[in-house]
Amino acid sequence: MYYDCERIEELRKQGEEYVKKVEKREKGYRYQVNDTEIKCIHCGHDRFQEDKALLNSRGLSFFDLDWLNDSANIAVCKKCSFMHWFADPIIKIDN
């Protein structure tokens with residue numbers, strides 16, 4: 001397969017952008033809840049990975065209706081992996 005110089009340069013730039021996105025995701029993001037930036041209460045780090053978790057109740061679990069339960073917002077510290085749980089939404093403050 002033959003590529004001209006312009007196509008090779010375009011592929012190189014796409015590759016560099018992809019690597020930057022992956023590095024950023026691995027490093028983690030900064031978040032805030034109710035206008036307060038989240039800091040890890042264990043190690044003080046400010047980079048997290050966002051996730052959600054179901055808050056199961058005995059009644060709904062008994063009737064196999066877990067999907068009706070509320071969910072919590074979780075921020076997992078990228079340095080020490082401590083999990084911070086929030087009822088309010090967490091908002092990413094950098095991209």
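N73 sits in strand β4, which covers residues 71-77. Strands here are DSSP runs of E with at least two residues, and helices are runs of H or I with at least four; both are numbered from the N terminus. This is a predicted model, where local features need pLDDT of at least 70, side-chain atom pairs count only at pLDDT 80 or more, and totals for chains, interfaces and linings use all residues. Residues are numbered from 1 along each chain as its sequence is written, and side-chain values use heavy atoms, with hydrogens and water left out.

Stay with N73. Its relative accessibility is 7%, so N73 counts as buried (under 20% relative accessible area; exposed is over 50%, partly exposed in between, with a 1.4 Å probe and protein chains only). Leaving aside residues up to four places away in sequence, N73 touches D51, K52, H84, W85, F86, A87, D88, P89 and I90. Touching means heavy atoms within 4.5 Å. With K52 there is also a side-chain to side-chain polar contact, at 2.4 Å. Such a contact is a pair of N or O atoms within 3.5 Å; within protein, one must be able to donate a hydrogen and the other to accept it, and residues adjacent in sequence count only if both atoms are side-chain atoms.

Now the sheet. Three strands form an open sheet in the order β2-β1-β6, with antiparallel pairing. β2 (36-37) and β6 (91-92) are the edges; each has a single partner strand, so one side of each lacks a neighbour in the sheet. Strand β1, residues 31-33, pairs with β6 over 2 bridges. Pairing requires at least two DSSP bridges between the strands. Y31 has K92 of β6 as its bridge partner.
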